[in-house]
Amino acid sequence: MTRLDSTLDEIAKVCSSASIPDLLRRIGDRYGMRTVAYLGTGTLDRQSPQREPYVAVTYSSEWVERYRAREYLKIDPTIQIGLRRLLPIDWDDFIGKQRSLSEFFGEASEHGLGRKGISFPVHGYSGDRALFSATADLSEREWWWVRRTAFRHFPIIAAHLHEAVLRTEGVCRAQP
């Protein structure tokens, strides 16, 4: 069974959103990633808007707290651009563009995120959206190979993971 097949089988068996962070860790390990994250919007019960967005990450709690305290959501290009974009995002595209972004990514690396990162947008059929991101600390050569596989596997994994979040959060949607 391939890595992709194993991952999709695991995602299909998810019964509770509480199991998703551990699933993200296993996906990261399977693909040689340092961290993995999922952010979903429009994924939860419309009666509970205070629970939006849905976030599951393998980041350190220190980074999550710092990210929130410094309101990095306002400058994080992976989220600002990623939730509106169709194509994957290579975080290297942002390095050196603006001083604030270089500092942001440097600080993220200091708190355990890998120096290299990629994000994969998911657009659902009812306005729901998600972003599946992964980081790694690899040499340029190693990253080239890992990134190549990730660009083939992660869009599929992201879509299946998004559907699992919708399913476990009780958001039932009619198939088109």
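Helices (H or I, at least four residues) and strands (E, at least two) are DSSP runs, numbered from the N terminus.

This is a predicted model, in which local features need pLDDT of at least 70, side-chain atom pairs count only at pLDDT 80 or more, and totals for chains, interfaces and linings use all residues. Residues are numbered from 1 along each chain as its sequence is written, and side-chain values use heavy atoms, with hydrogens and water left out.

**View 1. Trp63 and Tyr67 on helix α3.** These two sit four residues apart in α3 (residues 61-69), about one turn of the helix. Rings of Phe, Tyr and Trp (its six-membered ring) pair if their centres lie within 6.5 Å; planes under 30 degrees apart are stacked, over 60 edge-to-face, the rest tilted. That gives 15 aromatic pairs. The Trp63 and Tyr67 ring centres are 5.9 Å apart with planes at 70°, so this pair counts as edge-to-face.

**View 2. The largest nonpolar core.** A nonpolar core here is a set of buried Ala, Val, Leu, Ile, Met, Phe, Trp, Tyr and Cys residues joined through side-chain atoms within 4.5 Å. This one has 30 residues, and those with the most contacts inside it include Ile20, Met33, Phe132 and Leu161. Elements giving two or more residues include α1 (3-12), α2 (20-31), β4 (116-123) and α6 (140-168). Helix α6 supplies the largest share, eight residues. Another core, of 15 residues, lies apart from it, with Ile79, Leu83, Ile89 and Phe94 among them.

**View 3. Ile20 and its contacts.** Contact means heavy atoms within 4.5 Å. Skipping neighbours within four places in sequence, Ile20 touches Val14, Tyr54, Ala56, Leu161, Val165 and Thr168.

**View 4. Strand β1 and its partners.** Six of the seven residues of β1 are buried, so the strand is largely enclosed by the rest of the structure. Two strands pair if DSSP finds at least two bridges between them. Strand β1 runs antiparallel to β5, with seven bridges, and antiparallel to β2, with four. Look for Gly40: its bridge partner in β5 is Ala130, and it stands opposite Tyr54 in β2.

**View 5. Residues 172-176.** Here pLDDT, the predictor's confidence in each residue from 0 to 100, stays under 50. The model still has ten contacts beyond four places in sequence for this stretch. Where pLDDT is low, the predicted coordinates should not be read in detail. For the protein, mean pLDDT is 88, and 90% of residues reach 70 or more.

Notes: Buried means under 20% relative accessible area, exposed over 50%, partly exposed in between (1.4 Å probe, protein chains only).
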